[in-house]
Amino acid sequence: MRPRRVQLARSAVHLIELRKADRLQQTGGALGAWITLFEHWQEDETMSRTADPPVRAALDKLRTLSADAEARRLAFVRERALHDEVSLLKDAREEGREAGRTEALRLTAVNLIRGTGLDDAAIAAITGLSVDDLAALRRAL
């Protein structure tokens, strides 16, 4: 059987420092227009000189959204909700970890109570649980 030659598509990633490209102003055409948009979208005089149709359309959409108070309010509410969600998930994770640690310590204590002749003070020193917690565990067994 003859091996087949497979032609792989080549792709490239280009990184552009927007501030540097804008400052040097060596990029023209559509790329230059997009750089101008990203760096100067709030400057009416600068943006009025941009003629690239996709950039003009993006600028018009941006201005429409910025001018609409309800759209700004919804964006703010959404951003706040996303932030709150991240905070709640972080708190839940930390709470779950703490509950897991506590349960692991209790299981370790139960195993030490059942499998060794150690007194509560020694088990408390090993697990970090209080002597009262260990007494409650002994009663529950």
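Start with the side chain of T46, which makes a polar contact with the side chain of E43 at 3.1 Å. Keep in mind that this is a predicted model. T46 sits in helix α3, residues 44-48. Its relative accessibility comes out at 18%, and since buried means under 20%, T46 counts as buried. If you skip the neighbours within four places in sequence, T46 is in contact with T36 and H40.

Now for the helix pairs. Two packed helices are described by the angle between their axes and the distance between the axes.

Take helix α2 (residues 29-40) and helix α4 (residues 53-67) to begin with: they pack at about 15°, and their axes are 9 Å apart. Angles under 35 degrees count as roughly parallel, so α2 is roughly parallel to α4. The crossing of these two helices is right-handed. On the α2 side the contact is made by A33, W34 and L37, while α4 brings in P54, V55, A58 and L59. What classes do the residues of this contact fall into? Seven are nonpolar, with no polar and no charged ones.

How values were computed
Residues numbered from 1 in each chain as written. Predicted model: local features only at pLDDT ≥ 70, side-chain atom pairs only at ≥ 80, totals over all residues. Heavy atoms only, no water. Axes fitted to C-alpha atoms, helices over the stretch in contact; angles between N-to-C directions. Helix = DSSP H or I, 4+ residues; strand = E, 2+ residues; numbered from the N terminus. Parallel < 35°, antiparallel > 145°, perpendicular 65-115°, else oblique. Left-handed = near helix turned anticlockwise from the far one by under 90°. Contact = heavy atoms within 4.5 Å. Nonpolar A, V, L, I, M, F, W, Y, C, P; charged D, E, K, R; others polar. Buried < 20%, exposed > 50% of the residue type's maximum accessible area, 1.4 Å probe, protein only. Polar contact = N/O pair within 3.5 Å; in protein donor to acceptor, adjacent residues only side chain to side chain.
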